[in-house]
Protein chains: 2
Amino acid sequence: MLYKQYWIGVDLGGTNIRTGLMNDAGVILREQKEPTEAYKGSDYVIEKLKNMIENTGMGYEIQAIGIGMPGPLNPYKGIIMNPINLPGWNNIFLGDILKEHFNVPCYIDNDCNVAALAEASEGAGKDYPIVFYITVSTGIGGGLCINKRIISGATGNAGEIANIVVSRDSIKHSFLNPGSLEGMASGISILRMASEHGLKVDKAHEVFFLAEAGNATAIKIVDIVVDSLARGMATISHVVDPHIFVLGGGVSLAVPGFAEMIKARFEQYIYEVMRSQIAVKPAQLSDPGIVGAVYMAKMRIEREAYE
Amino acid sequence: MLYKQYWIGVDLGGTNIRTGLMNDAGVILREQKEPTEAYKGSDYVIEKLKNMIENTGMGYEIQAIGIGMPGPLNPYKGIIMNPINLPGWNNIFLGDILKEHFNVPCYIDNDCNVAALAEASEGAGKDYPIVFYITVSTGIGGGLCINKRIISGATGNAGEIANIVVSRDSIKHSFLNPGSLEGMASGISILRMASEHGLKVDKAHEVFFLAEAGNATAIKIVDIVVDSLARGMATISHVVDPHIFVLGGGVSLAVPGFAEMIKARFEQYIYEVMRSQIAVKPAQLSDPGIVGAVYMAKMRIEREAYE
C-alpha cells in the first residue's frame with residue numbers, strides 16, 4: 001500500500017520550534033528544529049515558522065497543519081492570546097495566517113492538549129477510553145481526551161487544572177486561586193518552598209532526591225507536593241473519572257517512581273469502589289509534540305466532516 | 001408517520017417508583033406511580049417493579065427498559081451496590097434480572113446522570129454541547145453529558161462531585177473527604193450549620209429566605225453554601241469547561257435567583273477569559289426521571305451498535 005496523505009505537525013515552544021512531516025502510517029519522514037528566538041517578536045517567529053513548514057513539506061501534498069503551542073489561545077478560532085513565553089504575541093490569528101499562506105487547513109491547540117492526545121493515541125493511554133494527562137513542569141497543565149479526542153470545553157480551558165483548588169493553605173500564586181494546584185505542586189512552587197526553608201537546589205526534582213536521602217525539610221515539601229497532586233487527581237476523578245492519569249513534564253519524569261508515589265496517596269481521596277480501578281502511569285512518548293499536533297489536526301478534520 | 005418504537009423509562013426512588021411508556025417522538029403515552037415501600041426489601045420492590053413495567057408496556061413491543069435510581073451502582077453491568085435509601089439491596093444484578101424476565105435490554109444509571117441527560121436533551125442544556133448538571137438536595141450529586149451522552153467514567157463515578165474538596169475548613173461529613181462539597185453545601189449540611197448556630201428551620205431552603213430577610217446568621221451560612229458551590233463549579237470548569245451548568249434539586253429550585261447568585265460568585269474563581277462564557281441556569285424539567293431514563297437506554301443501545 002502506498003501512503004497518500006501527508007501532514008505537518010508543529011511543536012512551537014518558547015525555546016525551540018520543531019516541525020515534522022508525517023504520513024498516514026504515523027511515520028515521521030522529515031523533521032526540523034530551530035531555536036524560536038522568541039525575543040525577536042511575533043512577526044519574526046511567524047516568518048521562521050512559515051519557512052520551516054515550507055521546507056518540511058517540500059514536494060508533498062499536505063492535508064493539514066497541526067500546531068501545539070503555549071496558551072492562552074482559542075483552539076476553535078486559532079487565535080493566540082498572549083503566551084508568557086512568547087513575548088509580543090497578542091491576539092495573533094495564527095490559524096488564519098497559515099491557512100491563507102499555505103492554502104491548507106491549520107489547527108492550533110495548546111501544548112498540553114496536544115501531548116494528552118499523543119499519549120492517548122500512541123503512548124501510555126492508548127488502551128484507555130478516558131485519558132487525563134497532567135504535566136508537572138515549571139507550571140502545571142493538563143489535557144482530557146475521550147475516545148482519542150481532545151475535550152477543549154466551552155472556552156478552550158478544559159484540562160487547565162493549574163487553577164483548581166487543592167489546599168487548605170491560602171497560598172496565592174500568580175493570578176490563580178488561593179491554594180491552587182500550580183501554587184502547591186509546580187516546579188516553580190517547589191523551588192519557592194525550598195528557598196523558604198533554606199534548602200539549596202537548582203532544579204525542582206532535586207528536592208525529591210534530597211527527600212529520598214532523608215532530608216527532613218525535603219520530605220516535608222515532597223509531602224505537600226504529593227498530597228496536592230493526589231487531591232487534585234481525586235477531584236478530577238470525581239468529575240470525569242478517567243481510566244488513566246498519564247503523568248508527564250520535566251519534574252515528574254525526572255523522579256523515578258513518581259507515578260506510584262502519587263497513586264498511593266491519590267487512592268486515599270477517592271471513593272472505595274474507585275480504588276485500584278484507575279491507572280496512574282508515567283508518560284511514554286519522549287517527544288509528543290509533533291505526533292500529537294498531527295493527531296489533533298486529523299481529529300479536527302474528522303470532527304468538521306462529522307458535524 | 002406511525003411511530004414504531006416504544007420504550008419504558010423508570011424512575012426508581014426511595015419514596016416512589018414511576019414508570020412511563022414513551023414513543024419515538026418522546027411522548028409519554030402511559031404513566032404509573034406507586035410508593036416504593038423500600039422498607040419491605042429488595043425482593044418486594046423488584047417484584048413490584050416487574051408488575052409496573054408489565055402493566056405500563058402492556059400491548060406494546062418494547063425496545064428497551066431504562067432505569068434511573070440512587071447509586072452506588074455499576075452502570076456498565078447493571079449491578080446495584082447498596083443505596084442508602086434502598087435498605088437491603090446489596091449487589092443486586094437488577095439489569096440481568098429484568099433483561100431475563102422481559103427479554104429486552106435493560107440499562108441502569110444513577111438518577112443524577114439520568115437527570116443530566118434529560119436536561120441536556122430536552123431541558124435547560126439542550127442547546128449546549130457540554131452540560132454539567134448539579135443537584136443540590138439532601139445531598140449533592142452531578143452528571144456530565146457531552147453531545148447528549150452521559151460520561152460515566154472508568155468506574156461509573158464521573159459527576160460524583162459530592163466528594164470534591166472545596167473548602168479550607170476541615171469539616172468531615174459522612175465518609176467523604178474533609179472540606180467536601182457535600183459537607184459544605186448540601187441540604188443536610190445547611191441544616192447542620194443552622195442547628196449549630198441556633199437557627200430554627202425545618203427545611204434547608206428556609207435559611208435562604210431568612211438571609212434574604214436580613215438574618216445575620218443565615219447570611220453567613222448562605223455565604224458558605226454559595227462560596228462552596230462556586231468553588232466546586234470553578235474546579236469543574238477547569239477540568240471539563242462545560243458550556244452550561246444546570247442546577248436542579250430541591251434546595252436550589254426552592255430558592256428564586258439561586259442560579260444567578262451562584263454564577264456571580266463562580267465567576268470570581270475562574271480565568272478571566274472564561275468569565276461570562278459559561279451559562280448557569282436552573283433545571284427546566286419538573287420531572288426528568290422517566291424521560292431521562294429512556295434517553296439513557298437509547299444512548300446505550302446506540303453506543304453498543306457503534307462499538
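## Close-ups of a predicted two-chain model

View 1. In chain A, take the contacts between residues at least 6 apart in sequence: 60% of them join residues at least 24 apart. This is a predicted model, so read every number below as computed from predicted coordinates. Chain A carries ten helices and twelve strands. Its radius of gyration comes out at 20 Å, close to the 19 Å that the globule rule gives for 307 residues, so chain A is as compact as a globular protein of that length. If you want a box for it, the C-alpha atoms of chain A fill roughly 60 × 45 × 35 Å along the principal axes. Buried residues account for 52% of the 307 residues in chain A.

**View 2. The β2–β3 hairpin of chain A.** For a landmark, find A:Thr19, which sits opposite A:Gln32 in β3(A). Four residues lie between the strands of this hairpin, and A:Gly26 takes a positive phi near 85°.

**View 3. Two copies, one surface.** Turn chain B by 180°, with a shift of 0.0 Å along the axis, and it lands on chain A with an RMSD of 0.0 Å. That is the relation of a two-fold axis. Both copies also use the same surface, since 100% of the contact residues of chain B recur in chain A.

**View 4. The side of chain B that touches chain A.** Contact between the chains involves 36 residues of chain B and 36 residues of chain A. On the chain B side, the elements giving two or more residues are β9 (140–146) and α7 (216–239). Which of them gives the most? That would be α7(B), with six residues. Sorted by type, the chain B side has 20 nonpolar residues, twelve polar ones and four charged ones.

**View 5. Val240 in the nonpolar core.** The largest nonpolar core has 198 residues, and A:Val240 and B:Val240 touch the most other members. Zoom in on A:Val240 and leave out residues up to four places away in sequence: from chain A, A:Ile130, A:Phe132 and A:Leu144 touch it. From chain B, A:Val240 touches B:Leu144, B:Ile151, B:Gly153, B:Ala158, B:Val239 and B:Val240.

Note on methods. Residues numbered from 1 in each chain as written. Chains lettered and ligands numbered in written order. Predicted model: local features only at pLDDT ≥ 70, side-chain atom pairs only at ≥ 80, totals over all residues. Contact = placed C-beta atoms within 7 Å. Nonpolar A, V, L, I, M, F, W, Y, C, P; charged D, E, K, R; others polar. Rg over C-alpha atoms; globule rule 2.2 N^0.38 Å. Buried ≥ 20, exposed ≤ 12 C-beta atoms within 10 Å, placed from the backbone. Core = buried A, V, L, I, M, F, W, Y, C linked by C-beta atoms within 7 Å. Least-squares fit on C-alpha atoms with pLDDT ≥ 70 in both. Pairing = 2+ DSSP bridges.
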